[in-house]
Amino acid sequence: MNITILGNGDSMGTPRVYCECPVCAEARTSGANVRLRSSVWLETEGEAPLLVDCGPDWRTQMESLGVRQVRHGLLTHAHFDHIGGLAEWADACRWREETARLYGPAEVLAEVDERFPWLGSRLLATTNDDGMAYGDWRIRTWKVNHGKNGFSYAYRFDDAGRGVAWAYCPDSINLTEAQKAPLRGVSLLVLGTSYYHEPYPMETRSLYDVVEGLALVEELAVPSAVFTHLSHDIDVRRDYGLPAHVRLAHAGLVLTV
């Protein structure tokens with residue numbers, strides 16, 4: 001499976017309109033720190049590509065891929081930075097006179113339907129609480145703690161025939177032992193880490209920071225990890241001293257599992 005990072009930013013993206021910090025200022029000039037909202041694009045042999053999350057930067061991300069059609073999508077949760085592009089996607093389907101399939105846990109799809117009740121004729125909602133298949137891959141989802149922002153879902157992708165697995169967990173913090181369990185044994189973990197070291201009280205937070213993410217990667221003994229959902233606290237020009245098996249995500253990064 002090829003995994004293309006389409007967006008590696010948090011809910012506000014970088015630069016933030018209101019902000020003149022050094023990271024946002026750099027993003028407006030050389031652009032190394034420009035970050036679109038978090039999303040990934042999955043490709044595996046014999047299947048149409050699968051979009052994971054459809055935020056407000058969907059159109060820009062599809063243009064970067066040169067894609068004119070999206071047939072399948074997968075949602076982690078119903079926060080705007082992960083669903084804000086659904087109306088555009090549905091409208092693209094309308095113009096093409098076609099339908100697409102939108103997968104997600106039942107409670108996530110119910111929230112989407114509440115906010116966008118007109119999408120159903122073009123984006124056909126399909127629950128995946130009991131898992132789903134994507135080519136040779138079996139996809140499992142489970143609920144994870146999202147701190148002050150409630151909950152999200154993580155996904156584990158297993159190819160039993162090849163004995164490989166990877167996981168996508170962009171919005172989480174303080175995972176319980178039960179929530180960590182499906183992350184064990186993966187060869188790659190894509191994890192959301194908003195700040196490098198977030199100084200705010202735990203009850204006000206919603207994502208791991210990089211320091212905590214590194215501790216989680218070590219605890220789980222994950223051989224490869226990519227940190228995404230980065231806020232404007234992260235400056236890619238800085239050397240954070242990350243171990244060789246951990247790196248920061250950037251738009252266009254392609255990972256192969």
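Helices (H or I, at least four residues) and strands (E, at least two) are DSSP runs, numbered from the N terminus. This is a predicted model, in which local features need pLDDT of at least 70 and side-chain atom pairs count only at pLDDT 80 or more, while totals for chains, interfaces and linings use all residues. Residues are numbered from 1 along each chain as its sequence is written, and side-chain values use heavy atoms, with hydrogens and water left out.

View 1. Along the principal axes, the C-alpha atoms fill a box of roughly 50 × 45 × 35 Å. Of the 257 residues, 53% are buried; buried means under 20% relative accessible area, exposed over 50%, and partly exposed in between (1.4 Å probe, protein chains only). Contact means heavy atoms within 4.5 Å, and among contacts between residues at least 6 apart in sequence, 62% join residues at least 24 apart.

**View 2. The cis peptide bond between Thr14 and Pro15.** Let's start the close-ups with a backbone feature. Most peptide bonds are trans. The bond joining Thr14 and Pro15 is cis, with omega about 5°. Look for Pro15 in the loop between strand E1 (2–7) and helix H1 (22–27).

**View 3. Ser172 and Asn174, in the loop between strand E10 (164–169) and helix H6 (177–180).** Ser172 is buried, at a relative accessible area of 0%. Leaving aside neighbours within four places in sequence, Ser172 is in contact with Val144, Asn145, His146, Leu191, Ser206, Leu207 and Tyr208. Asn174 is partly exposed, with a relative accessible area of 43%. The phi of Asn174 is positive, about 50°, although this residue is not a glycine.

**View 4. His229, in the loop between strand E12 (225–228) and strand E13 (246–248).** Most residues other than glycine have a negative phi. His229 is not a glycine, yet its phi is positive, at about 60°. His229 counts as buried, with 4% relative accessibility.

**View 5. The buried residues of helix H2 (58–65).** Trp58, Gln61 and Met62 are the buried residues here. Seen down the axis of H2, they fall within an arc of 100°, so they line one face of the helix; the arc is that of the directions from the helix axis to the C-beta atoms. What covers them includes E1, strand E2 (39–43), strand E3 (50–52) and helix H4. On the other side of H2, you can find Arg59 and Ser64 exposed. Just after the helix comes Gly66, which takes a positive phi of about 75°.

**View 6. Helix H4 (residues 86–96) and its buried residues.** Leu86, Trp89, Ala90 and Cys93 are buried in this helix. Viewed down the H4 axis, these residues fall within an arc of 95°, so they line one face of the helix. They pack against H2, strand E4 (72–74), helix H3 (80–83), strand E5 (100–104), helix H5 (106–115) and strand E6 (123–127). Just after H4, Glu97 takes a positive phi of about 55°.

**View 7. Helix H7 (residues 210–220) and its packing partners.** The buried residues are Val210, Gly213, Leu216, Val217 and Leu220. Down the axis of H7, they fall within an arc of 115°, so they line one face of the helix. Packed against these buried residues are H6, strand E11 (188–192), E12 and E13.

**View 8. Leu255, in strand E14 (residues 254–256).** At 5% relative accessibility, Leu255 counts as buried. Not counting residues up to four places away in sequence, Leu255 touches Met1, Asn2, Ile3, Leu188, Val190, Val226 and Arg247. How far apart in space are Leu255 and Leu189, C-alpha to C-alpha? They are 11 Å apart in space and 66 residues apart in sequence.
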